[in-house]
Structures are given as C-alpha cells and as structure tokens.
Amino acid sequence: NAIAVKVLKEEFLDNEELVRRFKNESKAISILDHPNIVKVYDVSVTDKLQYIVMEYVEGTNFMQLTAQRGGRIAASELLPLMEPLFSALSAVHAAGLIHRDISPDNLMLERGSVRLLDFGCARESARGTETMTIALKQGYAPIEQYQRKGQGPWTDVYALSATMYYCLTGKVPPQSLDRILEDELIPPRDLGVDLTEEQQAALIRGMEIQPRRRYQTVEELHAGLYGSVP
C-alpha cells in the first residue's frame, strides 16, 4: 500500500499548540483499526523528531464531491455513502476518543468508500465534562466547543449532522453561536432535499443547539436516519 509521511518540521517544535495537535493525532489514530479510518503504520514523537507514517488516501473529499454534483448530493446517494462512517465513529467513541473536527473536507471518498481523516483535534472524551482546548470549524462546531467544556460523542454527532446538511443542501449551516438568539437553520426539505420527514427530523435533532436535546451517540443518529443501529 502507498504511504504518506506527516512530519512536524523542526522550526515548529517550539509551538506548543502544533506539538499538542500532532501528538493527539498520532496517539488517536495509532490505536484505531477500522476500514473507514486512515491507517497508521509508524509513529515517532521525540524532542527532535516527530512524524506519522500513515496510509496514503487518494480520492475526493466531500467538499469537492458536493461541487462535482452541482452543489448538492442527493440523499439517495449521500446516505448510503455515509453509512459506514457511523460504525467508524462508533469505534472512535468506544476507544474513549472524540474527533472534534468532522467536516466535508475531512471526509474522503476513495474508490467508493468513505474514509475519516485528520485526528489532530481528537481528545479523550472521559466523562465529557472536562475542559478541552478549543478547536473550531465555523458551521460544523457545536456550541460546547465555543464553551470549551462539556464535549463528548454528541459533539461529533453535531458535526456529522452539519456535514451531511451541507452535502445535501450545498449550504454551510449557520454558526451554532448565531443560532442561540435566532435559529435560521432552514430544514432541508424546504430546500428541495429528498429526505423523508423522519430523516429530516433525525438530522435536525442531530444539530440541536443544546447538547442535552441532541442525540447523544452516533448510534442514535443512525437509528433516526436509517432505522437501525450501525
């Protein structure tokens, strides 16, 4: 298999944030083994040299795929493409991790199979209540990432739902902070998306602003969208 080598250059070794993210990524993906998650073959993290040798994933990210489909992907195509990602995230969460950076450009379609990339923001979830370093991608980050606490599997549920919303509608969801005062999120069916009412309700619940009202696990989101657990 082709490999990719990700190296943290020596001039960046004094940047604590970059070093932290690099270590997070190497630790997170080195303990995961799932066909829809990029594989890691070797990791070196020392004071002078830091690199990750990983599987080279060649394909199209979902931002590009959405553009190729004319600005939106039909639900009849997107839902089957995305379904394997749910078991991948189940494995991530079962390992006590949360990804915290799911977005269309971190999902790759390789030979018809979705692959989850970039674990640089991944953190141990523990009980989901400890303070975590902030990591934001506007439109895909839930409110708890702005608050820097209370993150857990439900954090990835929001980002995954927001990613699917973008792919289906071609519109980046409003920032979760902006939605607190006035929620301007447009239901996908109002934009002509071919979801059933039940599927739309599941997607919207996955994007609930308040974490306690949101699906707490990707298994619950999967059941709402597909009618079964992954």
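**Sheet, helix and ring pair**

Q: Which way do Leu-107, Leu-109, Met-108 and Glu-110 point from β6?
A: In this predicted model, Leu-107 and Leu-109 point one way from β6, while Met-108 and Glu-110 point the other way.

Q: And are they buried or exposed?
A: Leu-107, Leu-109, Met-108 and Glu-110 are all buried.

Q: What sheet is β6 part of?
A: An open sheet of 3 strands, in the order β4-β6-β7, with antiparallel pairing.

Q: Which strands stand at the edges?
A: β4, residues 60-61, and β7, residues 113-116. Each of these has a single partner strand, so one side of each is left without a neighbour in the sheet.

Q: How many bridges join β4 to β6?
A: There are 2 bridges between β4 and β6, and the two strands run antiparallel.

Q: What about the hairpin of β6 and β7, how many residues are between the strands?
A: The hairpin has 2 residues between the strands, and Arg-111 takes a positive phi near 50° there.

Q: Which helix lies across β6 and β7?
A: Helix α3, residues 75-94, and it runs at about 35° to β7.

Q: Changing topic: how many aromatic pairs does the structure hold?
A: It holds 1 aromatic pair. The ring centres of Phe-86 and Tyr-226 are 5.5 Å apart and the planes are at 80°, so the pair is edge-to-face.

Q: Where do Phe-86 and Tyr-226 lie?
A: Phe-86 lies in helix α3 and Tyr-226 in helix α8, residues 218-226. The pair therefore ties together parts that are 140 residues apart in sequence.

Q: Is Phe-86 buried or exposed?
A: Phe-86 counts as buried, because its relative accessibility is 0%.

Q: And what does Tyr-226 count as?
A: Tyr-226 has 21% relative accessibility, so it counts as partly exposed. The cut-off for buried is under 20%.

Conventions
Residues are numbered from 1 along each chain as its sequence is written. This is a predicted model: local features need pLDDT of at least 70, side-chain atom pairs count only at pLDDT 80 or more; totals for chains, interfaces and linings use all residues. Side-chain values use heavy atoms; hydrogens and water are left out. Two strands pair if DSSP finds at least two bridges between them. Helices (H or I, at least four residues) and strands (E, at least two) are DSSP runs, numbered from the N terminus. Contact means heavy atoms within 4.5 Å. Axes are lines fitted to C-alpha atoms, for helices over the stretch in contact, and angles run from 0 to 180 degrees between N-to-C directions. Buried means under 20% relative accessible area, exposed over 50%, partly exposed in between (1.4 Å probe, protein chains only). Rings of Phe, Tyr and Trp (its six-membered ring) pair if their centres lie within 6.5 Å; planes under 30 degrees apart count as stacked, over 60 as edge-to-face and the rest as tilted.
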